[in-house]
Amino acid sequence: MSQSASQPGRAGLSRRALLGAGAACPVAWLALAPEAAWAGGQLEEPLADSVRTALASAIAFSAPPEPEFRSTEARIHYLRWLSTMSDRLRRRKPDLDVRREFLQTVWYESARAGLDVSLVLGLVQVESAFRKFAVSSVGARGYMQVMPFWTRVIGDGDPGKLFHMQTNLRFGCVILRHYIERERGDLFMALGRYNGSRGRSPYPDAVFGAQRNWLFGEKPPVPSA
């Protein structure tokens, strides 16, 4: 039974044991999150031309992360989310402007890729401990620990751009969406593929555990017909 991409975290949290302190006390685990980047990375695989073109198009869009809302209620929901997440992230990013810009960009790129923002924040926590210039032992870079080969495969070939906040989050979200589609909505397998450890539980379980720190209790308003 796979975990559906439309229900992030639900099945993964219930069916698989979370890692150590992360399962017992997610907030405490956030405070004790390791400073080293997770030593994993996506594996370079052959891509069909159509897939390569679609991914390249998805990361090439250069609009700034300006949220758009269908209603006043949706905007209010976002502002409440932003305030709540800002409070939770304060220890990691003390500067308010930096913190809000980061969260706005995560929200924008997650929504653009059709991902649950709490899942993306959990992944960032595990991958880089919210460090913009993190580099893993295998060379993955930035917040979402994107492997440099992706800039050659679907970008302009400049791996230095992976230290740019929106570029890194754009690549990471697009790549994760690609893996979710390859795994037919199974988040457990998609996360393993993202980390280069497909089929093994420690990494997906760590992300699902970290995701709990970023869940937001209020449901978004239902769009009117």
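Helices here are DSSP runs of H or I with at least four residues, numbered from the N terminus. The model described is a predicted one. Within it, one cavity of 30 Å³ or more is counted, and helix 8 (149-154) and helix 9 (165-182) each supply at least two residues of the lining of the largest cavity.

**Largest cavity**

- The space in the largest cavity amounts to about 50 Å³.
- Its lining consists of L43, E44, E45, L47, F149, W150, V153, H178 and Y179.
- Helix 8 provides the largest share of this lining, with three residues.
- Sorted by class, six of the lining residues are nonpolar, one is polar and two are charged.

**Largest nonpolar core**

- The largest nonpolar core comprises 53 residues, and W81, F102, L121, M144, W150 and Y194 have the most contacts inside it.
- At least two residues of this core come from each of helix 4 (49-60), helix 5 (72-89), helix 6 (96-113), helix 7 (117-128), helix 8, helix 9, helix 10 (187-195) and helix 11 (202-211).
- Helix 9 contributes the largest share of this core, nine residues.
- W150 is among the residues with the most contacts inside the core, and W150 also lines the largest cavity.

- Y179 is located in helix 9 and belongs to the lining of the largest cavity.
- Y179 has a relative accessible area of 1% and is therefore buried, the cut-off for that class being under 20%.
- Leaving aside residues up to four places away in sequence, Y179 touches Q42, L43, W150, A190, R193 and Y194.
- Two of these contacts of Y179, L43 and W150, are themselves lining residues of the largest cavity.
- Y179 and M189 stand 10 residues apart along the chain, and their C-alpha atoms are separated by 8.4 Å.
- With the same exclusion of residues up to four places away in sequence, Y194 touches G41, Q42, L123, E127, M144, Q145, V146, G172, I175, L176, Y179 and Y203.

**Second largest pocket**

- The second largest pocket holds about 220 Å³ of space.
- Its lining has 15 residues, and I59, A60, T167, R170 and F171 lie nearest its centre.
- Helix 4 and helix 9 each supply at least two residues of this lining, and the largest share, four residues, comes from helix 9.
- By class, this lining has five nonpolar, six polar and four charged residues.

How values were computed
Residues are numbered from 1 along each chain as its sequence is written. This is a predicted model: local features need pLDDT of at least 70, side-chain atom pairs count only at pLDDT 80 or more; totals for chains, interfaces and linings use all residues. Side-chain values use heavy atoms; hydrogens and water are left out. On a 1 Å grid over the protein atoms alone, a cavity is a set of points where a 1.4 Å probe fits but cannot get out, and a pocket is an open set with protein on both sides within 12 Å along at least five of seven lines; lining residues have an atom within 4 Å of a point. Grid points are joined across faces, edges and corners, and a volume is the space filled by probe spheres set on the points. Ala, Val, Leu, Ile, Met, Phe, Trp, Tyr, Cys and Pro count as nonpolar, Asp, Glu, Lys and Arg as charged, and the others, Gly among them, as polar. A nonpolar core is a set of buried Ala, Val, Leu, Ile, Met, Phe, Trp, Tyr and Cys residues joined through side-chain atoms within 4.5 Å. Buried means under 20% relative accessible area, exposed over 50%, partly exposed in between (1.4 Å probe, protein chains only). Contact means heavy atoms within 4.5 Å.
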